Amino acid sequence: GILVEEVNRQILGLKITDDPANYDGQYNINEDGYLILGELKCYNHNYLWPIPLTELDVNDNMVQNPGYN
């Protein structure tokens, strides 16, 4: 049950500056001066996999898992 807390974070690259408070460069950096490449995101619905459409077509009473409408 800790997946969301552990996975949600920034993906960082090399250190751009030792003085991030005075950095005016073109790259996005974090408070420690590292290049921000992107983010990893996990949501509560990621604990369950989506049910394949072929399975939903076979059984009209089956519904998709939450978050995969």
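The legends below describe several close-up views of one predicted model.

**View 1. Confidence along the chain of the predicted model.** The chain averages a pLDDT of 91, and 100% of the residues score at least 70. Confidence is lowest in helix H1, which covers residues 3-7 and has a mean of 84, while it is highest in strand S2, at 96.

View 2. When residues up to four places away in sequence are not counted, Asn-30 touches Gln-10, Leu-12, Pro-20 and Ile-36.

**View 3. Thr-17, another residue of the loop between S1 and S2.** Thr-17 has its place in the loop between S1 and S2, where it counts as buried because its relative accessibility is 15%. The side chain of Thr-17 reaches the backbone nitrogen of Asp-19 at 3.0 Å. Leaving aside its neighbours within four places in sequence, Thr-17 is in contact with Tyr-23, Ile-29, Asp-32 and Gly-33.

**View 4. Glu-31, a residue on the exposed side of the cut-offs.** Glu-31 also has its place in the loop between S1 and S2, and at 65% relative accessibility it counts as exposed, because exposed means over 50%. Between the C-alpha atoms of Glu-31 and Asn-44 there is a separation of 28 Å in space, and these two residues are 13 residues apart in sequence.

**View 5. The salt bridge between Asp-18 and Lys-15.** A search of the whole structure finds one salt bridge, and Asp-18 forms a salt bridge with Lys-15, the closest N and O atoms being 3.5 Å apart. Asp-18 counts as exposed, because its relative accessibility is 71%, whereas Lys-15, with a relative accessible area of 38%, is partly exposed.

**View 6. Leu-56 in helix H2.** Leu-56 is found in helix H2, and it is described as buried because its relative accessible area is 17%. Not counting residues up to four places away in sequence, Leu-56 touches Ile-51, Met-62, Val-63 and Gln-64. The C-alpha atoms of Leu-56 and Lys-15, which are 41 residues apart along the chain, are separated by 48 Å.

**View 7. A nonpolar surface patch that includes Tyr-47.** Leu-3, Tyr-47 and Leu-48 make a nonpolar surface patch of about 250 Å². Of these residues, Tyr-47 lies in the loop between strand S2 (34-40) and helix H2 (53-58).

Notes:
Residues are numbered from 1 along each chain as its sequence is written. This is a predicted model: local features need pLDDT of at least 70, side-chain atom pairs count only at pLDDT 80 or more; totals for chains, interfaces and linings use all residues. Side-chain values use heavy atoms; hydrogens and water are left out. Patches are made of residues with over 30% relative accessible area and no salt bridge: like charges are joined within 9 Å, nonpolar side chains (Val, Leu, Ile, Met, Phe, Trp, Tyr) within 5 Å. Accessible areas come from the Shrake-Rupley method with a 1.4 Å probe; for residues, only the protein chains shown count as cover. A salt bridge is a side-chain nitrogen of Lys or Arg within 4 Å of a carboxyl oxygen of Asp or Glu. Helices (H or I, at least four residues) and strands (E, at least two) are DSSP runs, numbered from the N terminus. Buried means under 20% relative accessible area, exposed over 50%, partly exposed in between (1.4 Å probe, protein chains only). Contact means heavy atoms within 4.5 Å. A polar contact is a pair of N or O atoms within 3.5 Å; within protein, one must be able to donate a hydrogen and the other to accept it, and residues adjacent in sequence count only if both atoms are side-chain atoms. pLDDT is the predictor's confidence in each residue, from 0 to 100.
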